Every structure is written in C-alpha cells, then in structure tokens.
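Have the sequence and the 3D view open as you read.

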Amino acid sequence: MSPIKLGILMHYYCFPSEYPFQNSKAESDAVIYLLNEGLLIELEKPTEYNAMYKITKRGLMYMEMITSLPLPQSKTVWVNPLTNEVVGEV
C-alpha cells in the first residue's frame, strides 16, 4: 500500500474529520482505491466533523494489524573476514 493510501486510511482510523489534503489526483485516486477495497465507505451526508468517509470494519482490522507490528530490531554481527566465521553478536 502506498504512503498516500496509508496516510489517508490512518487519518480516518484516528480522526472522525474530513481528510484535509484531498486536493490532488493522487489523493483522489487513493480514496477511490480505499473505497473499492472496502477499507472506507462513503457517507450519505457529512458527519458533524464534515467527514464524507468513514473507516470500515475491514479498515479497522487492517490498521490494528499494522499498528501491532513490532519495530525491527537491529543486531551487530562480528565476522572474521578471513574465515567468514561469526565470532560474536551484540
């Protein structure tokens, strides 16, 4: 999923308001993609916060999956360049 799509979905996951940057074709296309994938639904009338879209149950599950991923851990491995033997890890 592209950063634009992920950013829009993250917005509706966190806020009940309208996504503030829907001015470009890329952002409009991203919203269409999210609607077609069933991650957002279009509302019949704006919410009290002027939102025209709402995250779906599928969208919520996707965002909960993403936000539950652990951060990658870095590890230093010391290798003897002559033998390629691992001599230690930190």
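## Ground rules

A salt bridge here is a side-chain nitrogen of Lys or Arg within 4 Å of a carboxyl oxygen of Asp or Glu. This is a predicted model, so local features need pLDDT of at least 70 and side-chain atom pairs count only at pLDDT 80 or more, while totals for chains, interfaces and linings use all residues. Residues are numbered from 1 along each chain as its sequence is written, and side-chain values use heavy atoms, leaving out hydrogens and water.

## Three salt bridges

How many salt bridges does the structure hold? There are three. In one of them, the side chains of Lys 25 and Asp 29 meet at 3.0 Å, N to O. Both sit in helix α2, and because they are four residues apart, about one helical turn separates them. (Helices are DSSP runs of H or I with at least four residues, strands are runs of E with at least two, and both are numbered from the N terminus.) Lys 25 is exposed at 61% relative accessible area, whereas Asp 29 is partly exposed at 36%. For these words, buried means under 20% relative accessible area, exposed means over 50%, and partly exposed is in between, using a 1.4 Å probe and protein chains only.

Arg 58 pairs with Glu 37, their closest N and O atoms being 4.0 Å apart. This pair links distant parts of the chain, 21 residues apart: Arg 58 is in helix α3 (residues 57-67) and Glu 37 is in the loop between α2 and β1. Arg 58 is partly exposed at 45%, and Glu 37 is partly exposed at 33%.

Then there's Lys 75 with Glu 89, at 3.2 Å from N to O. Here, the loop between α3 and β3 (77-79) is joined to strand β4, with the two residues 14 apart. Lys 75 counts as exposed, at 56% relative accessibility.

## Two helices crossing

Now find helix α1 (residues 3-14) and helix α2 (residues 25-36): they pack at an angle of about 65 degrees, with their axes 9 Å apart. Axes are lines fitted to C-alpha atoms, for helices over the stretch in contact, and angles run from 0 to 180 degrees between N-to-C directions. So are α1 and α2 roughly parallel or roughly perpendicular? They are roughly perpendicular, since angles under 35 degrees count as roughly parallel, over 145 as roughly antiparallel, 65 to 115 as roughly perpendicular and the rest as oblique.

## A loop glycine

Gly 38 lies in the loop between α2 and β1 (40-42). Gly 38 is partly exposed, at 27%.
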